[in-house]
Amino acid sequence: MKFVNYHREMNADITIACLPNGPEKAKEFGLMKIDENRRVVAFAEKPKTDEALAAMHVDTTVFGLTDEEAKAMPYIASMGIYVFKKKVLLELLNDKFPKANDFGGEIIPEAAKDMNVVAFPFFGYWQDIGTIKSFFEENLKLARQPADFEFYDPQSPIYTSPRVLPPASIIDCHVKDALIAQGASVSKASISNAVIGLRASIGEGCTIQDAMVMGADYYESDEQMAKVVAKGGVPIGIGAGTLIRNAIIDKNARIGQNVQIINKDGVEEFTDAEKGIYIRNGIVVIQNSATVPDGTII
């Protein structure tokens, strides 16, 4: 409610949640320039050059930052979260910009020219996970203690959707700094700095390190798995004796036995769309429902 109350107190037509940033991250975001009253007066979408970045430099002490903090974080990144006056929103969508498709890129920059568009500073946890690297790193951070973001805050707990799944089964394993979701089955495996998703099946002797295994949308019965194997296929899950490091295994992937997913060649970028194998920023990604046969080394 702080965001909404601020919007009302400022008598704003539009309020944009924003985050002060330093120069190293600022180029990754849409930036805003404000005046001494926190009114937004200019926008720049991911400035590419040092000159374009410098043009968006602002005095962030207006948000209550100390001189030292403001010197380190002189840029304001839009979080893409907005509060509108209802009348203003309807006017913008129905009358002024009926063919527009994007608030941040089309509607709000134009609205700021003659409307009261203000910035709301946010100082809590927020990350843009629009890239494989950031998605991967921020998810793994949730498994560490102390975590940057806490699911278990009694004042503002985070709940998942009820799925009526059994609790995770963890038998004779070594687990360190990991989140293991309901319905997962892990046996005689080593898991560290990892997120293990819904219904994930991790075979005996597996090592999962610095990795996300996103699980499955459904279970395969013993009979179904036997049929898959009889046809030369691989059951859903992670086969026995497999090593996974610095990787994302998407849902319903079929990873065989004694596989190594480790980016053995140390490459930064790689694409094999036919097999559903990608490498982005050195992180191996196995696509949803892809199959990696027994003994494969990636």
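Mentor: Let us begin with a group of charged residues: E91, K96 and D114 are linked in a network of salt bridges. A salt bridge is a side-chain nitrogen of Lys or Arg within 4 Å of a carboxyl oxygen of Asp or Glu. Please note that this is a predicted model, in which local features need pLDDT of at least 70 and side-chain atom pairs count only at pLDDT 80 or more, while totals for chains, interfaces and linings use all residues. Residues are numbered from 1 along each chain as its sequence is written, and side-chain values use heavy atoms, with hydrogens and water left out.

Trainee: How many salt bridges does the structure hold?

Mentor: The general idea is that side chains of opposite charge can pair when their charged atoms come close. The structure holds 13 salt bridges. One of them joins the side chains of K27 and D50, at 2.9 Å from N to O. K27 lies in the loop between α2 (23-26) and β2 (30-34), and D50 in helix α3 (residues 50-54), so this pair ties together parts that are 23 residues apart in sequence. Helices (H or I, at least four residues) and strands (E, at least two) are DSSP runs, numbered from the N terminus.

Trainee: Is D50 buried or exposed?

Mentor: The terms rest on relative accessible area: buried means under 20%, exposed over 50%, and partly exposed in between (1.4 Å probe, protein chains only). D50 counts as exposed, at 54% relative accessibility, whereas K27 is partly exposed, at 30%.

Trainee: What separates E223 and K227 in helix α8?

Mentor: E223 and K227 are four residues apart in helix α8 (residues 222-230), and are therefore separated by about one helical turn. They form a salt bridge, with the closest N and O atoms 3.7 Å apart, and both residues are exposed. A further salt bridge joins D148 and K141, where the closest N and O atoms are 3.9 Å apart; K141 is partly exposed, at 25% relative accessibility.

Trainee: How many disulfides does a search of the whole structure find?

Mentor: A disulfide is a pair of cysteine sulfur atoms within 2.5 Å. The search finds zero disulfides. C173, for example, is in no disulfide, and the nearest cysteine sulfur, that of C206, is 9.6 Å away. C173 is partly exposed, at 25% relative accessibility, while C18 is buried, at 0%.

Trainee: How should I read a pair of aromatic rings?

Mentor: Such a pair is described by the distance of the centres and the angle of the planes. Rings of Phe, Tyr and Trp (its six-membered ring) pair if their centres lie within 6.5 Å; planes under 30 degrees apart count as stacked, over 60 as edge-to-face and the rest as tilted. A search of the whole structure finds nine aromatic pairs. In one of them, the rings of Y6 and F120 have centres 5.0 Å apart and planes at 65 degrees, so the pair is edge-to-face. Y6 belongs to helix α1 (residues 2-9) and F120 to strand β5 (residues 117-121), 114 residues apart, and the pair thus links distant parts of the chain. Both Y6 and F120 are buried.

Trainee: Why is the pair of F29 and W126 described as tilted?

Mentor: Its ring centres are 5.9 Å apart and its planes stand at 45 degrees, so the pair of F29 and W126 is tilted. F29 and W126 are both buried.

Trainee: Which residues have the most contacts inside the largest nonpolar core?

Mentor: A nonpolar core is a set of buried Ala, Val, Leu, Ile, Met, Phe, Trp, Tyr and Cys residues joined through side-chain atoms within 4.5 Å. The largest has 27 residues, and those with the most contacts inside it are I208, I249, I261 and I286. Elements that give two or more residues to this core include β9 (190-196), β11 (207-213) and β13 (243-249). Apart from it lies another core, of 21 residues, among them V58, I76, V88 and V117.

Trainee: What does I261 touch?

Mentor: Contact means heavy atoms within 4.5 Å. Not counting residues up to four places away in sequence, I261 touches L243, I244, R245, A247, I249, I255, V284, I286 and I298.
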